[in-house]
Protein chains: 2
Amino acid sequence: MKATRSGKAKMPSDLVLARTASLFSAFANGGRLKAVVALMRHGPMSVTGLIEVCGLEQSALSHQLRVLRDGSLVVAERRGKQVVYALADDHIASILEDGIHHAREQSRKGDAT
Amino acid sequence: MKATRSGKAKMPSDLVLARTASLFSAFANGGRLKAVVALMRHGPMSVTGLIEVCGLEQSALSHQLRVLRDGSLVVAERRGKQVVYALADDHIASILEDGIHHAREQSRKGDAT
DNA sequence: CCGTCATATGACATCGATCTCATATGATAT
DNA sequence: ATATCATATGAGATCGATGTCATATGACGG
């Protein structure tokens with residue numbers, strides 16, 4: 001993965017651009033990110049599990065999970081009393097990892113905020 | 001680039017997670033995305049050029065460019081009266097293209113919103 | 001049926017993002 | 001020095017995002 005010369009890329013339609021923006025919006029929050037990363041690490045998890053990992057309140061997390069569902073980043077499945085969440089697809093994980101990687105590089109480059 | 005098994009990934013620190021969230025935040029807007037895509041297509045451009053391409057008002061675009069600069073997504077260089085913007089690095093373009101690609105796939109899968 | 005666990009939802013407050021308008025700054029030419 | 005072009009900035013309005021509290025729903029055990 002290196003084919004990233006800046007000079008060339010096809011101009012996406014406004015619709016695609018809007019969808020892209022909302023995809024990234026879904027990633028634009030620490031709590032949501034933490035949840036998605038948790039799903040990447042542990043695989044499918046119940047809400048209760050996510051609450052512990054993310055350190056968010058039940059209601060807050062539930063709202064965030066809704067955002068993730070609406071953005072099709074995750075899928076939910078009932079398992080008795082619980083609801084188990086999982087990543088919607090691997091591309092999601094790929095994009096997030098790429099973002100995390102970039103953030104790490106920035107840190108190493110001394111981009112101290 | 002395919003190594004996207006969901007099961008394994010290292011848990012990033014909260015700092016990295018926060019940085020990642022703010023990276024994605026910078027991408028979480030149609031106007032900003034349009035500007036970045038323009039820079040990918042045409043290479044470095046002046047603000048005036050970006051105004052035309054993005055269809056934003058001067059002031060609004062300037063504010064957005066500030067967000068992009070603050071997030072280190074783009075860099076600015078004075079060129080006489082003008083200021084020329086360019087992508088900060090190729091990784092930025094890579095991440096964005098990946099996001100656009102995902103958005104396109106979603107559309108094809110009939111994820112009509 | 002009732003109580004309880006697990007999760008979702010709605011209303012509301014608050015905080016942040018984005019836009020607009022007016023104005024400031026910086027560079028160049030006259 | 002002044003005018004003008006190109007861009008940035010600040011203040012304020014408005015809209016959306018996030019969190020909290022209270023309550024609803026859904027599943028299961030007794």
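**Salt bridges.** I looked up the link between Asp14(B) and Lys34(A): their side chains form a salt bridge with N to O at 3.1 Å (a side-chain nitrogen of Lys or Arg within 4 Å of a carboxyl oxygen of Asp or Glu). Between chain A and chain B I count two salt bridges.

**Basis.** The model is predicted, with local features needing pLDDT of at least 70 and side-chain atom pairs pLDDT 80 or more, while totals for chains, interfaces and linings use all residues; side-chain values use heavy atoms, without hydrogens and water. Residues are numbered from 1 along each chain as its sequence is written, and chains are lettered from A in the order in which they are written.

**Chain A against chain B.** I find eight residue pairs in polar contact between the chains, both residues at pLDDT 80 or more (N or O atoms within 3.5 Å; within protein, one must be able to donate a hydrogen and the other to accept it, and residues adjacent in sequence count only if both atoms are side-chain atoms). On the side of chain A that touches chain B, α1 (14-27), α2 (30-42) and α5 (90-108) each give two or more residues (helices are DSSP runs of H or I, at least four residues, and strands of E, at least two, numbered from the N terminus). The largest share, 17 residues, is from α5(A).

I noted the buried area as about 4,900 Å², 59% of it from carbon and sulfur atoms (accessible area, 1.4 Å probe, that two parts lose on being put together, summed over both). Arg19(A), Phe24(A) and His102(A) lose the most area in chain A, together 13% of what that side buries.

**Symmetry.** I laid chain A on chain B: a turn of 180° and a shift of 0.0 Å along the axis give an RMSD of 0.0 Å (least squares on C-alpha atoms of residues with pLDDT of at least 70 in both). The two copies are therefore related as by a two-fold rotation axis. Phe24(A) comes closest to this axis among the residues of chain A, its C-alpha at 2.7 Å.

A side-chain N or O atom of Gln58(A) is 2.8 Å from a base nitrogen. Phosphate oxygens lie 3.1 Å from a side-chain N or O atom of Glu57(B) and 3.5 Å from a polar side-chain atom of Asn29(B). I note that α4(A) gives the most to this surface, six residues.
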